[in-house]
Amino acid sequence: MYIIKVKGKAKIPDYVQIRDDNFVLVAYFRADRPLKDKDLEKLNLVGKEAALRQLIEQIPYGKLQKLEL
């Protein structure tokens, strides 16, 4: 999976996209709000919420990165 953080403008907040290995969008959420439990289960990220939150804070805007937690 891949992750990218998108910078918002004016009233539009920052968003995060998670894409699968074929670059198909599988999750799209606000950077300042955590994923819901059902979304974490779907992405096999249960128990990795803190690591995901830390990664979101550290990655630069607009740079696609391999999601490895």
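## The sheet

Strand 1 and strand 4 (residues 65-66) run antiparallel and are joined by 2 bridges. In this pairing, Tyr 2 has Lys 66 of strand 4 as its bridge partner. A note on the terms: strands (E, at least two residues) and helices (H or I, at least four) are DSSP runs, numbered from the N terminus, and two strands count as paired if DSSP finds at least two bridges between them.

This is a predicted model, so local features need pLDDT of at least 70 and side-chain atom pairs count only at pLDDT 80 or more, while totals for chains, interfaces and linings use all residues. Residues are numbered from 1 along each chain as its sequence is written, and side-chain values use heavy atoms, with hydrogens and water left out.

Back to the sheet: it is open, has 4 strands in the order 3-2-1-4, and its pairing is antiparallel. Strand 3 and strand 4 are the edge strands, each pairing on one side only. Strand 1 meets strand 2 in the antiparallel sense over 5 bridges, with Val 16 in strand 2 as the bridge partner of Lys 5. Strand 2 and strand 3 also pair in the antiparallel sense, over 5 bridges, and here Tyr 15 has Arg 30 of strand 3 as its bridge partner.

## The core

Which residues have the most contacts inside the largest nonpolar core? They are Ile 3, Val 16, Ile 18, Phe 29, Leu 52, Ile 56 and Leu 67, in a core of 15 residues. The elements giving two or more residues to this core are strand 2 (15-19), strand 3 (25-30) and helix 2 (49-58). Helix 2 provides the largest share, 3 residues. By nonpolar core we mean a set of buried Ala, Val, Leu, Ile, Met, Phe, Trp, Tyr and Cys residues joined through side-chain atoms within 4.5 Å; buried is under 20% relative accessible area, exposed is over 50%, and partly exposed is in between (1.4 Å probe, protein chains only).

Leaving aside its neighbours within four places in sequence, Ile 56 is in contact (heavy atoms within 4.5 Å) with Ile 3, Lys 5, Val 16, Phe 29 and Ala 31.

The buried residues of helix 2 are Leu 52, Leu 55 and Ile 56. Why are they on the same side of helix 2? Because they cover an arc of only 100° around the axis, the arc being that of the directions from the helix axis to the C-beta atoms.

Facing away from the buried side of helix 2 are the exposed residues Ala 50, Glu 57 and Gln 58.

## Rings and charges

How many aromatic pairs does a search of the whole structure find? There are 2. Rings of Phe, Tyr and Trp (its six-membered ring) pair if their centres lie within 6.5 Å, and planes under 30 degrees apart count as stacked, over 60 as edge-to-face and the rest as tilted.

The charged end of Lys 66 sits over the ring of Tyr 2, 4.8 Å from its centre, and the charged end of Lys 5 sits over the ring of Tyr 61, 4.5 Å from its centre. The test for this is NZ of Lys or CZ of Arg within 6 Å of the ring centre and within 35 degrees of the ring normal.

## Loop residues

Phe 23 is not a glycine, but has a positive phi of about 65°, and is partly exposed at 42% relative accessible area. Ala 10, in the loop between strand 1 and strand 2, also has a positive phi, near 55°. Is Ala 10 buried or exposed? At 89% relative accessibility, Ala 10 counts as exposed.

Lys 48 is in the loop between helix 1 (37-42) and helix 2 and is partly exposed, with a relative accessible area of 32%.
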